[in-house]
Amino acid sequence: MRNVFTDEKIKNKMKLCLPSFSANEGMARAAVAAFCSQLDPDAVDIADIKCAVSEAVTNCIVHAYRETSGLIYITVTLYRDDTVKIEIRDRGCGIPDVKAAREPLFTTDAAGERSGMGFTVMESFTDGVRVRSKTGVGTTVTLIKKLGRKE
């Protein structure tokens, strides 16, 4: 059987595409957590992954597509060293100033219904967050999580 992965460090990979409906936020976090379970993470690692994914997907739903809907693309890569890479991408409006958006309490929500803590939450539950965005093209958030070692 031919190995479909060119990178031998990869254990498995999943791609998921969902409409940006709020009902799909739970589906996204559950699917990612279930896929990551093959690395045998502990409950804390799974909870951290779910929370970070929830924030990233919610950003797509609330901010990227605003008054419309679109697709959310999720790619999860599991590495043999128990590292998880989760990419959450949209083709929405983009973030004009990523540096400002990553500051705690920053929000574009004039109504004051959003806390502006999404990226801060993602950073607190993962080992790394990368944000690439282009106005009018979309945003990709990459979350990196190194799972705890089992005794």
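Biologist: A salt bridge is a side-chain nitrogen of Lys or Arg within 4 Å of a carboxyl oxygen of Asp or Glu. How many does a search of the whole structure find?

Modeller: Three salt bridges. This is a predicted model, where local features need pLDDT of at least 70, side-chain atom pairs count only at pLDDT 80 or more, and totals for chains, interfaces and linings use all residues. Residues are numbered from 1 along each chain as its sequence is written, and side-chain values use heavy atoms, leaving out hydrogens and water.

Biologist: OK, what does Lys145 pair with?

Modeller: Asp45 and Asp48; shared partners join them with Lys145 into one network. For Asp48 and Lys145, N to O is 3.0 Å, while the closest N and O atoms of Asp45 and Lys145 are 3.8 Å apart.

Biologist: Which parts does the Asp45 pair tie together?

Modeller: Asp45 sits in helix 2 and Lys145 in strand 5 (residues 138–146), so the pair ties together parts 100 residues apart in sequence. Helices (H or I, at least four residues) and strands (E, at least two) are DSSP runs, numbered from the N terminus.

Biologist: Is Lys145 buried or exposed?

Modeller: Buried (under 20% relative accessible area; over 50% is exposed, in between partly exposed; 1.4 Å probe, protein chains only), with 9% for Lys145. Asp48 is buried too, at 13%.

Biologist: And what about Asp81 with Lys146?

Modeller: Their side chains meet in a salt bridge at 3.9 Å, N to O. Asp81 is partly exposed at 39% relative accessibility, and Lys146 is partly exposed at 32%.
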